[in-house]
Amino acid sequence: MITVYNTMTRQKEELKVKNNKIKLFVCGPTVYDYSHIGHARTYISFDVIVRYLKHEGYSVFYLQNITDIDDKIINRAKENGEDPLELSHRFEKEYMDDMEKLNVTNVNFYARATEHMDEIISQIKKLVNKGYAYDTPTGVYFDVSKFEDFGKLSNRNLDDLQNTRIEVDTTKDDPKDFALWKKQDSQPYWDSPWGKGRPGWHIEDTAITESYFGPQYNIHGGGLDLIFPHHDAEIAQMEAASSKEPLVEYWMHTGFLNVKGEKMSKSLGNFITIKQLLENYEPDVYRFFVLSTHYRSPIDFSDDILKQAENSLERIQNTTGKLIEKLSSDNLVQESNDEITNQLEVFRNEFFDAMDNDFNTPIALSSLFNFTHTLNKELSEDNLSKDDLENIIDTLREVESILGLSLFKQDDTSSDEVLDIIIDVRSQLRSNKQWDLADKIRDDLSALDINIEDK
Ligand code: AMP
């Protein structure tokens with residue numbers, strides 16, 4: 001049984017979904033700059049949650065939006081003298097590249113806001129027709145006083161809305177009302193029944209989730225900062241538009257990656273981009289670092305803790321390296337070792353119990369660490385049979401795929417062999433005087449930092 005902490009009820013609940021099918025939506029990035037390692041913390045956490053759910057037999061459809069039109073994008077584009085959509089799509093590509101490097105691979109579909117304008121407009125129309133929204137010379141606004149339960153996720157009240165990033169506008173009935181549609185004549189704009197403009201921030205998510213999932217779905221995730229007002233606004237919009245509740249069965253939120261106690265963020269300027277981090281550390285080290293803390297708890301980022309993660313991962317990889325080496329050695333004991341069979345069972349139970357308990361990766365990792373101590377001892381005493389080794393390696397491979405990080409060092413032998421073949425083919429091309437092709441191979445390899453010198 002998997003339990004999940006539900007922000008709505010403030011308690012852990014048994015995960016119950018029909019036919020083991022899960023529709024999951026996690027808020028994606030606003031793509032106006034390179035993503036930082038705080039963003040990565042949130043997306044790695046959900047990647048592991050999805051990996052575990054799939055491992056446990058759930059079929060998960062994981063949807064993420066991409067905010068590719070927004071004030072920040074327009075402002076940055078102005079500063080750069082660049083087209084806003086060109087800018088957002090350039091950074092969207094960088095985001096995808098970062099996620100791939102970090103092995104965040106489980107999103108089934110990325111939905112751009114700009115490609116869902118019809119759905120956004122149709123949802124706003126519904127809200128206007130039902131009396132939840134009104135049109136003014138500057139935009140269309142959601143009337144928060146009409147939605148009685150506003151703030152039920154955050155437990156905050158309407159007055160708090162005034163202190164959040166809600167646009168100041170004298171045409172609104174109430175300063176707390178938030179924009180569904182912002183009127184503007186300058187590019188980029190889209191046509192709507194209320195004139196040219198672009199969507200507000202909250203409406204893109206509910207329009208996107210409604211198109212793929214319908215008005216209700218299973219899990220909605222994001223960072224802690226999105227609970228209020230963003231997720232409360234989503235609830236108000238969708239429940240008002242559909243007259244169905246709840247919008248979502250389980251709300252899951254990740255804690256912040258902090259620097260000296262403050263949230264890492266672009267606005268505070270205390271951020272490290274994913275690309276900068278990967279210049280000095282392997283992606284697996286960052287994944288290990290993230291998973292060493294529970295997804296809901298804050299993490300204080302420091303180079304020292306990252307180095308500790310690097311050492312811990314290396315120690316695990318040293319042990320798995322010895323297991324592989326041992327498996328190909330001749331002096332293995334014949335009899336299976338009862339003690340190690342028990343210890344393997346203990347490790348499996350601890351690992352899976354921890355993951356069942358609201359995806360408690362730090363406990364899961366510490367049981368893995370304890371198990372590697374046991375393995376080192378058994379390896380040094382030469383107490384393992386072929387069956388023992390194979391069972392242990394199978395379990396570690398299973399754990400590896402759940403965590404999405406390499407517990408076994410990558411074997412470079414095969415890529416070395418492929419490189420030898422390429423160099424050999426190139427020599428033959430040269431001896432046949434096919435210089436163009438030979439040069440192309442040399443240049444392409446050089447782009448990968450593999451330099452060939454012809455002597
Ligand atoms: P944004 O592009 O700012 O909308 O952020 C994209 C996602 O990253 C959201 O779910 C945020 O909550 C999350 N996020 C942003 N900064 C941090 C941070 N320092 N730690 C953890 N998650 C973050």
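1. In which helix is D205 found? D205 is found in helix 6. Helices (H or I, at least four residues) and strands (E, at least two) are DSSP runs, numbered from the N terminus. Residues are numbered from 1 along each chain as its sequence is written, and side-chain values use heavy atoms, with hydrogens and water left out. The model is predicted: local features need pLDDT of at least 70 and side-chain atom pairs count only at pLDDT 80 or more, while totals for chains, interfaces and linings use all residues.

2. The surroundings of D205 may be described next. D205 counts as buried because its relative accessibility is 2%; buried means under 20% relative accessible area, exposed over 50%, and partly exposed in between (1.4 Å probe, protein chains only). Leaving out residues up to four places away in sequence, D205 touches F25, C27, N65, H230 and E234, where contact means heavy atoms within 4.5 Å. With H230 there is a polar contact between the two side chains, at 2.8 Å. A polar contact is a pair of N or O atoms within 3.5 Å; within protein, one must be able to donate a hydrogen and the other to accept it, and residues adjacent in sequence count only if both atoms are side-chain atoms.

3. Of the contacts between residues at least 6 apart in sequence, 76% join residues at least 24 apart.

4. The 18 residues of helix 3 (residues 84-101), at 1.5 Å a residue, should span 26 Å, and the end C-alpha atoms are 26 Å apart, which agrees. The expected span is 1.5 Å times one less than the number of residues. At the N-terminal end, D83 caps helix 3 with a side-chain oxygen 3.2 Å from the backbone nitrogen of L85. After helix 3 comes N103, with a positive phi near 65°.

5. Which residues of helix 3 are buried? They are P84, L87, S88, F91, E92, Y95, D98 and M99. Viewed down the axis of helix 3, the buried residues fall within an arc of 135°, so they line one face of the helix; the arc is that of the directions from the helix axis to the C-beta atoms. These buried residues pack against several elements, including helix 1 (37-55), strand 4 (59-66) and helix 8 (274-280). The face turned away from the buried side carries the exposed residues E86, K93 and E100.

6. The aromatic side chains form 19 pairs. In F109 and Y212 the ring centres are 5.3 Å apart and the planes stand at 50°, so the pair is tilted. Rings of Phe, Tyr and Trp (its six-membered ring) pair if their centres lie within 6.5 Å; planes under 30 degrees apart count as stacked, over 60 as edge-to-face and the rest as tilted. Because F109 lies in strand 5 and Y212 in helix 6 (residues 201-213), the pair ties together parts that are 103 residues apart in sequence. The rings of Y286 and F289 have centres 5.6 Å apart and planes at 25°, so this pair is stacked. Y286 and F289 both lie in helix 9 (residues 283-291), three residues apart, about one turn of the helix, and both are buried.

7. Where does the charged end of K266 sit? It sits over the ring of Y32, 4.6 Å from the ring centre. The charged end of K263 sits over the ring of F256, 5.3 Å from its centre. A charge sits over a ring if NZ of Lys or CZ of Arg is within 6 Å of the ring centre and within 35 degrees of the ring normal.

8. Two further residues close the note. D388, in helix 13 (residues 386-403), counts as buried because its relative accessibility is 3%. The side chain of D388 reaches the backbone nitrogen of N337 at 3.0 Å. S367 lies in helix 12 (residues 361-380), and a polar atom of its side chain is 2.8 Å from the backbone oxygen of A364.
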